[in-house]
There are 2 protein chains.
Amino acid sequence: MPIFSKEVRLASRPQGEPTLDQFAFATVELPDPQPGEVLVRNLYISVDPYMRGRMNDAKSYVPPFEIGKAMTGSAIGRVLQSNDPAVAEGALVSSFYGWREGFVAPAKDVQPIDPKDAPVSAFLGVLGMTGLTAWGGLFKIAALQNGETVFVSGGAGAVGGVACQLAKLHGCKVIASAGSAEKLAFLRDELKVDYAFDYRDGEPLAHLQKAAPEGIHVYFDNTGGPQLEAALSSLRPHGRIALCGAISGYNHPQPGPRNLPMAIGKRLRLEGFIVSDFVGDLAEFHKEAIPALLGGKLLHSETIVEGIDNAPAAFLSLLRSGDTHIGKLLVRVGE
Amino acid sequence: MPIFSKEVRLASRPQGEPTLDQFAFATVELPDPQPGEVLVRNLYISVDPYMRGRMNDAKSYVPPFEIGKAMTGSAIGRVLQSNDPAVAEGALVSSFYGWREGFVAPAKDVQPIDPKDAPVSAFLGVLGMTGLTAWGGLFKIAALQNGETVFVSGGAGAVGGVACQLAKLHGCKVIASAGSAEKLAFLRDELKVDYAFDYRDGEPLAHLQKAAPEGIHVYFDNTGGPQLEAALSSLRPHGRIALCGAISGYNHPQPGPRNLPMAIGKRLRLEGFIVSDFVGDLAEFHKEAIPALLGGKLLHSETIVEGIDNAPAAFLSLLRSGDTHIGKLLVRVGE
């Protein structure tokens, strides 16, 4: 009995803001898994801002998407057929075979997950690469200390939301920005940040000065652009910036921060990072995050879009200023 | 017998490029040193690019110069009168009482230097704060490793010249920029750097790509501006930038580096520093630098301007693109 999988392919590379024309759908028949292989039905696929960079033909830390081929990314699925003794049929697994309904791959390319630990979709969000990104940036890169003041741009996004919560769990004062009233309410009411502001409401620096008159210790940067410039001005001596994302410039290049020379006198440290550097620390992160999640101290916030047909539009919306998605954005592609 | 000292005072704060009108001269009679004080005749005073920032009324790591008062900075002098048993008359001392011919100050404000170690003026240059800045930036901030490739902007300047030499002594490949043919010849013939280029000759990135096709490991930034942007593009994964100065923007603010988001995927670290953070490491630095200097492996390059009357003009020239001074710029104010 043949099994078919619909997949999303890159049709062309965008100039500036991508459109739906850059994506194409195709349906492929999945082969039988050979020895050492598994056949997986995806349940959820992840769409993330960093994928915008992969649409360009530029060498980067993740290879670019290839035109005419299925795109890739994080996914959670269930093993329908296994031809490898290490992976049981019926097991839940995470993989990098996103943007498709199903796939056949070597068993070593899938990682079993334990549904007792959390809702399945959390393994793409707060317990997955998203949460690990927030944790690695705050603690491994910015060396955030208990009680410090931290500013998180894009605080209602997937990574930002976890960063805000982890910082609060460490007794920090948290300032967060977002781009809609709903997101600001979420930051204040659900994530309990100390000060939330709309990054388009006046000067970001004025908000930082109001929220932290003595300055901030750490900036978790998801946006780049004017918020990075404001953070450089606000940071206290020996402040740290975890450079995680620069979404403000993904579609339309932004000017650089004019006040970067302030980093000299204030002895600031800016450091970029990518989550794959911390994959070896996943167990350490889970040791903190799973009890917090099960104890209700760490929220798993997600927005779920139904059906692979809607994946490209969901992804494009993430990149737009004023996007209304809160938390991790997932696409459900199977049951 | 009264002793008079001519001093340079800040007359007004500049907008953009300062002029001689911003400085005023005054002659003051020095009082007799009280118990615990010394009277010092300055021999050399240091004029440094960072002093441009002190002409602004802005809070920074060094307090701004005060209008109507003598300016300050590094100086080497001889003790003419001592009213403190810890400091002998005739001793050579370094202090922060620059921009004047002499002064009376608490004995604790002056540090004896040993003329057996090096020419006196070297204590304002290669063995002084200048050399310590280069050493701290390269090794404490950028963690330069033997054999790596390093780019030093402003390589023929006081700090840059020491940075180039220290890196060569550690077996590194050194790329350096400067703004005149004389400086480029100095970099090639005296400092023996591997590749020297004029930062106004085409795109800095093209030079870096030619000199280091595989990219650089470390950038020692004295300039900011387009050279910082080029370095961000050239840096290899896990590259480091020591943010030491931003002379390109001291008089005329520069746009920020548009490609700072490259720091994310390449996991770059940018870190600002000031020399006073390393004052406790001076002995460690001297342990390396004094034998190298005495052994002829570390050149003490300086340009000496005669007379305190010429100090403002010498300082202003340092800030200009295409300045022709090589090495440390000193003003001789006494014998």
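User: Hi! Where do I start with chain A, what domains is it divided into?
Analyst: Welcome! Keep in mind that this is a predicted model. Chain A has domain 1, covering 3–125 + 300–332, and domain 2, covering 129–276.

User: How many Å separate the centres of domain 1 and domain 2 of chain A?
Analyst: The centres, taken over C-alpha atoms, are 28 Å apart.

User: And how many residues of each are in contact?
Analyst: Domain 1 of chain A brings 20 residues, and these are in contact with 17 residues of domain 2 of chain A. On the domain 1 side, α1 (51–54) and β15 (328–332) of chain A each supply at least two residues.

User: What classes of residue are on that domain 1 side?
Analyst: The side of domain 1 of chain A that touches domain 2 of chain A has 9 polar, 7 nonpolar and 4 charged residues.

User: In which sense do β9 and β10 of chain A pair?
Analyst: They pair in the parallel sense over 4 bridges, with β9 of chain A spanning residues 173–178. To find one bridge on your screen, look for A:Ala178, whose partner in β10(A) is A:Asp198.

User: OK, now where the chains meet. How many residues does each chain give to the contact?
Analyst: Chain A gives 28 residues and chain B gives 28 residues. On the chain B side, α7 (262–265) and β13 (269–272) are the elements that give two or more residues. The largest share of that side comes from β13(B), with 4 residues.

User: What kinds of residues does chain B use there?
Analyst: The side of chain B that touches chain A divides into 15 nonpolar, 7 polar and 6 charged residues.

User: How do the two β13 strands run?
Analyst: They run antiparallel, and 3 bridges join β13 (residues 269–272) of chain A to β13(B). One bridge pairs A:Leu270 with B:Leu270.

User: Helices next! How do α2 and α3 of chain B cross?
Analyst: The axes of α2 (residues 129–141) and α3 (residues 158–169) of chain B come within 8 Å and cross at roughly 50°. That angle makes α2(B) oblique to α3(B). The crossing of α2(B) past α3(B) is right-handed.

User: Which residues meet there?
Analyst: Among them are B:Trp135 and B:Leu138 in α2(B), along with B:Val162 and B:Leu166 in α3(B). The contact of α2(B) with α3(B) has 9 nonpolar residues, 4 polar and no charged.

User: And at what angle do α2 and α8 of chain A pack?
Analyst: Helix α2 (residues 129–141) of chain A and helix α8 (residues 282–294) of chain A pack at about 95°, with their axes 10 Å apart. So α2(A) is roughly perpendicular to α8(A). Here A:Gly131, A:Leu132 and A:Trp135 in α2(A) meet A:Leu282, A:Phe285 and A:Ala289 in α8(A). The residues of this contact divide into 5 nonpolar, 1 polar and no charged.

User: Last one: how far apart are the axes of α5 and α6 of chain A?
Analyst: The axes of α5 (residues 204–211) and α6 (residues 225–234) of chain A are 8 Å apart, and the helices pack at an angle of about 40°. They are therefore oblique to each other, and the crossing of α5(A) and α6(A) is right-handed. Residues making the contact include A:Leu205 and A:Leu208 of α5(A), and A:Pro226 and A:Ala230 of α6(A). By class, the contact of α5(A) with α6(A) has 5 nonpolar, 4 polar and no charged residues.

Methods
Residues are numbered from 1 along each chain as its sequence is written. Chains are lettered from A and ligands numbered from 1 in the order in which they are written. This is a predicted model: local features need pLDDT of at least 70, side-chain atom pairs count only at pLDDT 80 or more; totals for chains, interfaces and linings use all residues. Domain bounds come from an automatic or database domain assignment. Two residues are in contact if their C-beta atoms, placed from the backbone, lie within 7 Å. Ala, Val, Leu, Ile, Met, Phe, Trp, Tyr, Cys and Pro count as nonpolar, Asp, Glu, Lys and Arg as charged, and the others, Gly among them, as polar. Two strands pair if DSSP finds at least two bridges between them. Axes are lines fitted to C-alpha atoms, for helices over the stretch in contact, and angles run from 0 to 180 degrees between N-to-C directions. Angles under 35 degrees count as roughly parallel, over 145 as roughly antiparallel, 65 to 115 as roughly perpendicular and the rest as oblique. A crossing is left-handed if the near helix is turned anticlockwise from the far one by less than a right angle, and right-handed if clockwise.
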